[in-house]
Amino acid sequence: MKLYSASTIRELEARHDFHLSKSLGQNFLTDKGIIDQIIEGAEISEDDLVIEIGPGIGVLTVEAAQRAKRVVAVEIDQSLIPILKETLAEFDNVEIVNRDILKTDINALIEEHGEGIKGVKIIGNLPYYITTPIVMKILEDGVRADSIIVMMQKEVADRIKSKPSKKTYGALSVAVQYYCTAEAIVDVPRSVFVPQPNVDSTVLKLIVRPERPVELIDEKIFFETVKGGFGQRRKTLSNALSGVCGMDKTAAAQVLAAAEIDPIRRAETLDLNEFARLANEVAKWKDSKK
Ligand code: SAM
């Protein structure tokens, strides 16, 4: 059965009395070329464990199962489970887990299914409504994955891979790029999904950095500084930072001077190294107040 087609989706819907859910971000992929690009981008080898987020009816899962040692597919929608059991029936290396990915301990899944595996790849055509929380969860939980190849709304992908001084550069860019490198594999038009969403998509490849790119005194203060800086992105840093980590305007001016950053600059002009320098001065200031 050719899974990636509108008629198959309709046929499965009718036979299993399944109804596509808008609120679960169910926009199913029907383009084999894009499926291939996601799978090739993931560079799955026969020693790999693949964790798939939101398998839907299994268009990516069948391709991953043919290449990987094992595939664990996490799907929240219980009504898709009988469909997945049918479409993946020929594979004995696929585990379907009926769970919310945001409430799943992914490292525990890897541990549980990781016997004899060498690499871990995360793939998925992510539900739009929780793309950012899923990506941040994977990164903040320190999930033991080598790469993450995921399709998402183009605007979110643009923000994730953005560089300083661009309109799309913000706290999400700095946060994701702290953990990994980000590269767009392909832009995807809305016309290849059933049903068609209101936005275009991008397949993004995130490669987890083996080591953090900057040295931080306190990771939490770093993220608070980044968030605070961008909280009022039109303001100069000296204004945007007052109120962050308990600093008043004088303290903000003090830490900016110590970090050798011009106080009239805006957060959107700072690169990762400058944010790290600034956050380390905030940490030192905070420590001096104890
Ligand atoms: N992979 C399929 C494809 O490309 O055709 C489906 C992708 S669809 C955009 C997103 C999938 O994620 C749906 O199957 C949806 O039910 C599932 N999903 C939504 N929220 C989820 C969550 N919190 N945890 C796990 N799966 C979720």
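**Legends: ligand site, pockets and backbone details**

**Figure 1. Lining of the largest pocket in the predicted model.** The lining of the largest pocket consists of 16 nonpolar, six polar and four charged residues (Ala, Val, Leu, Ile, Met, Phe, Trp, Tyr, Cys and Pro are nonpolar; Asp, Glu, Lys and Arg charged; the others, including Gly, polar). This is a predicted model, in which local features need pLDDT of at least 70 and side-chain atom pairs pLDDT 80 or more, while totals for chains, interfaces and linings use all residues. Residues are numbered from 1 along each chain as its sequence is written, and side-chain values use heavy atoms, without hydrogens and water. The 26 lining residues of the largest pocket include Gly54, Pro55, Glu75, Asn125 and Pro127, which lie nearest its centre (pocket: open set of 1 Å grid points over the protein atoms alone where a 1.4 Å probe fits, with protein on both sides within 12 Å along at least five of seven lines; lining: an atom within 4 Å of a point). At least two lining residues come from each of β1, β2 (48–53), α3 (59–67) and β3. The volume of the largest pocket is about 330 Å³.

**Figure 2. The shell around the ligand.** The ligand takes up the space of the largest pocket (more than half of its atoms lie within 2 Å of the grid points). Around the ligand there are 24 residues, and Leu29, Gly54, Glu75, Asp100 and Asn125 come nearest (a heavy atom within 4 Å). The shell around the ligand is made up of 13 nonpolar, six polar and five charged residues. Both β1 (28–29) and β3 (70–75) contribute at least two residues to the shell.

Figure 3. In the side chain of Asn125, an N or O atom lies 2.9 Å from an oxygen atom of the ligand (polar contact: N or O atoms within 3.5 Å). Leu29 places a backbone N or O atom 2.9 Å from a ligand oxygen atom. For Pro55, a polar backbone atom is 3.3 Å from a nitrogen atom of the ligand.

**Figure 4. The second largest pocket.** This pocket holds about 260 Å³ of space. Its lining has 14 residues, and Lys22, Asn27, Tyr128, Pro197 and Asn198 lie nearest its centre. By class, five of the lining residues are nonpolar, eight polar and one charged.

Figure 5. Most residues other than glycine have a negative phi, and most peptide bonds are trans. The peptide bond between Val194 and Pro195 is cis, with omega about -10 degrees. Pro195 sits in the loop between β8 (193–194) and β9 (201–208). Asp17 is not a glycine, yet its phi is positive, about 50 degrees. Asp17 belongs to the loop that runs between α1 (6–16) and β1.

Definitions and conventions: A polar contact is a pair of N or O atoms within 3.5 Å; within protein, one must be able to donate a hydrogen and the other to accept it, and residues adjacent in sequence count only if both atoms are side-chain atoms. Helices (H or I, at least four residues) and strands (E, at least two) are DSSP runs, numbered from the N terminus. Grid points are joined across faces, edges and corners, and a volume is the space filled by probe spheres set on the points.
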